[in-house]
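Colleague: I would like to learn how to read a structure one feature at a time. Could we go through this one together?

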Amino acid sequence: FTDPERAEVLSSLVNESVREAPASKDFTLTVIWPHESGSMGGWRVSAVEVPGRLARVRVNNGSIISTTNVQAMSYAPPKGSSVPNSVTIDSQHVEMETPLDNYVFEKGEDGMWKASSKTHAPPLAGPISRILLSNSPITVVVPQDEACLSAAKRLAWALYTYLGLDSRIVADAEALAEEQRPDAELPSRRGSVIVLSQGRALNRYGRDVLRRQPSEFEFGTNGGAGGEFVLAGRRTFDVQGTGLMFMHGSNHLFMHGTDVQGLERAMRAFPLRTGTPCPEWMVIGEDAETKSLGGILGAGFWTSDGRISPVMSYLARSGPFFLALFLFLAFSRVREYLERKHYHGLPTYKEISAYEKSLPQHKMNLPWPEGKDGRFLRFSTPYHNIGFNNQLQDILLSAQLAYMSNRAYVFQPYMWNMSSTEPVQLDGKHYRSNIIPLNAFLGGPVAGGRFGPGTGTSKAGERAPWEAPRSVSYDWYDEVCPPERRKYVDTGELRQKLGLIEQDRGPANSTKEILVSFSKYLLEIDDTCVTMTGDHVFTFSSFGDRILPTWDLLQESPILNNFSWSPLVKGIVARNMHLFGDVSRWDDPSYRPRTAPATGIPGLLALHLRRGDFIEHCDNLAHWHAPEVEVDLAADMMIGQHAEVFVGNGFSSLTANINLLRMARKVHTDSIRFL
């Protein structure tokens, strides 16, 4: 190799091999077990949401990312490639610190992605065969039992003969002693460990491992009378000849039998020569001798926190007790999973609620008009038992009143039933979300976002150089405004005091007159914590023709101009944008400036057909002599808001909401039609 010609050829080959070809900007990475998969274009999946299912990362134009079943991922920029300042992941804008060799992105339980500078190794999760991926000799730990020792010797022989893997057999007492030593290079700490036990010969090392990190399986619960074991605290397996295998943590495999025959059945199911990818846990019954897989009593995968995966697990029928166990697993043992993720199949939004509590304006030491000396406006009589679009009408007008009063709007969750504190409740034959945090739907000023400089309001009702106080949550109002500090203002009494006339189903004065009169009063009083009580400030009739004069206030208000959807809503839209054509034309519609072209999605016509409520609603509208609802406020139809043409109807708050948001973007009125 010292010959110059040969050296030059070898050098050119090496340089060619290490030179990375420019990565494609559009590709899809598909994996099933992250620890067994590499990267593509610098992207790598670190963890999946549901083990055993495919996970995908779709990269569009190098910086627009959409994911399926991905919990965490990382990005290592290829050599010579430019690093963007930010990426869009599932329609969420995520900033990237530069320069870094590796970027880590993790998704919270609320579906929101966060960037982290910490590099996480992919957790070892997957089939039992992953125990063979050991970076040192496999350690087989046995109790003082001849049957277990015999099984260990045969297992060690088979590992070397068929797979060429080294292993060592260690007594449980010796393994326990090794755990006390500080030597981090011990094979049992660096590599895979197989723990054997059967009958009354329980493994002391295995018990110590399960004591430090509990499992869904427990051994010897009947006073050590036999080799029975219990699944999820309820289902006891005590029939002779029953075997068990399950992965525990990242590098432990437990193999157990109710007796010697059960351990032998577990041994025969070990994926040694066939390469069969067994799931993470298996219970093998005596029928396996004649029915093969039909003798499996249970099998499945764990969740990320080591619990039974409710969607990737199976239990065979076992008489009447099977039904009781199934119900227990569905409604009791998996309860923590359901409360954290979903409740009756519906999300509980706990992460978003936590986000609202941590808003930066929730601090006592902030300068006026925020902080402990800030100005706040709370409405104690919220609408309920109506749809979100109707509630949003009241939210936006109430926030406008707070803004005109130089007070922080105190927002609350969307609530369907005020008498229930449950996040989900039964409505007829189906469950529906009952309490949803506002930030699940909205961003912007009404949900705690900034108003911008120079948006404050003086006592004279004129623009002031300070920034308007940001909206706060109900919980923060209770903390910053104790009862002795609050001023309670009855809405009906204030109407009479201000000379506002109420008639039929609502006030005879226009909605603008209500806003101006109420805000003037709230500006002039020095009380910092004001709670409106009694009747609603804005009734249903406030959103009919009486709202029309309010447009000159709304079109110049940051409540409307800075209106934004929540990351959750944006993500739903982004994941479906492929249905409407070229995504690159409209990758993040909420950030489109008002001076943008009138058409958000060229060529798209959105049609709203009302199919719902109840027929008497039309009779009510006729009785109220209600004209077409021109500018009701809502936040449900992002697609309609950005379509080239929108066709709605005159009896729907949803249609009116879309039209209001289109007009706020200065979309030409010719693009708004009615059926």
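Predicted model: local features only at pLDDT ≥ 70, side-chain atom pairs only at ≥ 80, totals over all residues.

Colleague: Next, aromatic rings. How is a pair of them described?

Modeller: A pair of aromatic rings is described by two values, the distance of the centres and the angle of the planes. The search of the whole structure finds 18 aromatic pairs. One of them is formed by Trp33 and Phe301, with 5.4 Å centre to centre and 35 degrees between the planes, and this pair is tilted.

Colleague: Where in the chain are Trp33 and Phe301?

Modeller: Trp33 is in the loop between strand 1 (27-31) and strand 2 (43-48), while Phe301 is in strand 19, residues 296-302. The two are 268 residues apart, and the pair links distant parts of the chain. Both Trp33 and Phe301 are buried.

Colleague: What kind of pair do Phe376 and Tyr477 form?

Modeller: That pair is edge-to-face, with 80 degrees between the planes and 6.4 Å centre to centre. Phe376 belongs to strand 23 (residues 376-379) and Tyr477 to helix 12 (residues 474-480), 101 residues apart.

Colleague: Why does Tyr477 count as buried?

Modeller: Tyr477 counts as buried because its relative accessibility is 0%. Phe376 is buried too, with a relative accessible area of 2%.

Colleague: Which residues form an aromatic cluster?

Modeller: One cluster is formed by Phe217, Phe219, Phe229, Phe237, Phe246, Phe254, Trp281 and Trp302. A ring can also have a charged side chain over its face: Arg378 lies over the face of Tyr474, at 3.9 Å from the ring centre.

Colleague: How should I read a residue inside a strand?

Modeller: Met255 lies in strand 17, residues 252-257. Its relative accessibility is 0%, so Met255 counts as buried. Beyond residues up to four places away in sequence, Met255 touches several residues, among them Ile194, Val195, Leu244 and Phe270.

Colleague: How many residues apart in sequence are Met255 and Val195?

Modeller: They are 60 residues apart in sequence, and 6.1 Å apart in space, C-alpha to C-alpha. For another case, take Thr88 in strand 6, residues 86-89. Thr88 counts as buried because its relative accessibility is 11%. Leaving aside neighbours within four places in sequence, Thr88 is in contact with Ser63, Ile64 and Ile65.

Colleague: What should I look for in the backbone?

Modeller: Most residues other than glycine have a negative phi, and most peptide bonds are trans. Exceptions deserve a look. Asn69 has a positive phi of about 60 degrees and lies in the loop between strand 4 (64-68) and strand 5 (70-75). Asn406 also has a positive phi, of about 55 degrees. Its place is in the loop between helix 11 (388-404) and strand 24 (408-411).

Colleague: Which peptide bond is cis?

Modeller: The bond from Trp368 to Pro369 is cis, with omega near 10 degrees. Pro369 is in the loop between helix 10 (350-357) and strand 23.

Technical notes. Residues numbered from 1 in each chain as written. Heavy atoms only, no water. Phe/Tyr/Trp six-rings, centres within 6.5 Å; stacked < 30°, edge-to-face > 60°. Helix = DSSP H or I, 4+ residues; strand = E, 2+ residues; numbered from the N terminus. Buried < 20%, exposed > 50% of the residue type's maximum accessible area, 1.4 Å probe, protein only. Lys NZ or Arg CZ within 6 Å of the ring centre and 35° of its normal. Contact = heavy atoms within 4.5 Å.
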